[in-house]
Amino acid sequence: MTEHMQQFVRLAQQPPEKRAAVERREDFGEIYRDFDPKDAAAQASRCSQCGIPFCQVHCPLGNNIPDWLKLSAEGRLEEAYEISAATNTFPEICGRICPQDRLCEGNCVIEKGFESVTIGAVERYITDTAFENGWVRPIRPRRERAQSVGIIGAGPAGLAAAEALRRKGYQVHVHDRHDRVGGLLIYGIPGFKLEKEIVARRRAWLEEGGIHFHLNEDIGGAVSFAGLRARYDAVLVATGVYKAREIDVPGTGLDGVVPALDYLIASNRKGLGDAVPAYDSGELNAAGKRVVVIGGGDTAMDCVRTAIRQDAAAVTCLYRRDRANMPGSAREVANAIDEGVEFTWLSAPEAFVGAGRVNAVKAVRMHLGLADASGRQTVEPIAGSDFTIEADLVIKALGFDPEDLPGAFNEPGLALTRWGTLKVDSKSFMTALPGVFAAGDIVRGASLVVWAIKDGRDAADAMHAYLETAAARPDGALATAARLDGALTSAAE
């Protein structure tokens, strides 16, 4: 059926219809409409089925993209889903929030006059269709194992590891400090990129497969880390990184200068129906305010687009490099511009101004210099180019650093790198503590969801190897039996 493919020569790239900017500014619904089945098949048929699929090479998960594009073009969607799900725990989520322009689609070998295949939109369509048709079946291990695993963190890395370990038959328990499953998928990413029902649907699927969730748990406080280690045969730390990166300029402590994650969590909780006093008071609400967002990554784009939907009086993004050098998705920048965000490129803040509460940002123009060791151009201020932007709310979206986990968990044996992330063996994912593993942003540093999924799956494989070795030892089998017996006794009591 190769005649279905290589249609890029006659079919133009056509993503799903995007809601008009004036309409989508009014709510937090996803901005792309559902793919029409005929259009999805036609767009999948544009794949050239090249000999070396650079889209797959540049996908952190190594997704078999050409294969499921071909099956989609042929109308064999259930088979396409099976291939997509074989390498990706959450393809419907990656299809929505991955920066495809920097990964798979950005490395499509189709000549740019014809434009790349709309990979992400087809990926999303395949899995949404699979859920609608009941093709996404619950996890059913071939055999149950007595060994149990505790996972700290219900974000992408933790959930990916939980799914992989449950498929192998382990008793999987996921612990999280929040009241919902998903981590930043729920609290950090706005609904216009990922509606929360999509994440809730995955949680229900994981629970149906036998994974247990323990929410609102203060690990290191009411729930001791040492106690978790004693309860399980292995523990995975997948907490992510939540500590806001600071900017060292005068006025950082003024009222109205807030971290990006605080602002996004407040907005997402409000959308979920929670009571959010800081939102209702206006502290973390952009309504009627002149908003300035500092930063150029995807979190900054989430903030500016959220402020637009909260009916801010004006929204400005201040970034020290130019548009071509912005680290966030080019697609998200374009969406923000469409929705009315003003970008002030090649500018950096020098101070936040105000008497108790911020009322302006003092900034300076920058110019790009020579590339540094990382390959990125350095930035230098232009003398005498100071200017001021009026602001009632300043949001710092400068990235995230890891929290002090050894301190939080009261476990000094957790070794750290010089960046403050957990130090693990690169092959086994094990920390300095036997039987304690780590994966995701808490090891890698702040990164993409797709990398967290990749790390979670790889860590699960390493944990499986460790647990099988432990079970083969007489003392390991006895310890597991004793732990299981103790758990059953506690449950009976």
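Visitor: In which sense do strand β4 and β15 pair, and over how many bridges?

Guide: Strands of a sheet pair through backbone hydrogen bonds, either parallel or antiparallel. Strands are DSSP runs of E with at least two residues, helices are runs of H or I with at least four, and both are numbered from the N terminus. Two strands pair if DSSP finds at least two bridges between them. Here β4 (residues 234-237) and β15 pair in the parallel sense over three bridges, with L236 opposite F437 in β15.

This is a predicted model, in which local features need pLDDT of at least 70, side-chain atom pairs count only at pLDDT 80 or more, and totals for chains, interfaces and linings use all residues. Residues are numbered from 1 along each chain as its sequence is written, and side-chain values use heavy atoms, with hydrogens and water left out.

Visitor: What is the strand order of the open sheet that contains β4 and β15?

Guide: The order is β3-β2-β1-β4-β15, with parallel pairing. At the edges, β3 (212-214) and β15 (436-438) each pair on one side only. From one strand to the next the twist averages 20°; angles run from 0 to 180 degrees between N-to-C directions, and axes are lines fitted to C-alpha atoms, for helices over the stretch in contact.

Visitor: Which helix packs on this sheet, touching β1, β4 and β15?

Guide: Contact means heavy atoms within 4.5 Å. Helix α18 (residues 449-472) touches β1 (148-152), β4 and β15, and its direction makes about 165° with that of β4.

Visitor: What is the order of the open sheet that includes β7 and β8?

Guide: That sheet of five strands runs β6-β13-β7-β8-β9, with parallel pairing. Since β6 (257-259) and β9 (342-344) each have a single partner strand, one side of each is left without a neighbour in the sheet. Five bridges join β7 (residues 290-294) to β8 (residues 314-318), and V292 has T316 as its bridge partner in β8.

Visitor: At what angle do helices α4 and α7 pack?

Guide: Helix α4 (residues 65-73) and helix α7 (residues 119-132) pack at about 65°, with axes 11 Å apart. I65, W68, L69 and S72 in α4 meet I119, V122, E123 and I126 in α7.

Visitor: Is R19 buried or exposed?

Guide: Buried means under 20% relative accessible area, exposed over 50%, and partly exposed in between, with a 1.4 Å probe and protein chains only. R19 counts as buried because its relative accessibility is 8%.

Visitor: Where does pLDDT stay under 50?

Guide: pLDDT is the predictor's confidence in each residue, from 0 to 100. Its mean for the protein is 93, but it stays under 50 over residues 484-493.
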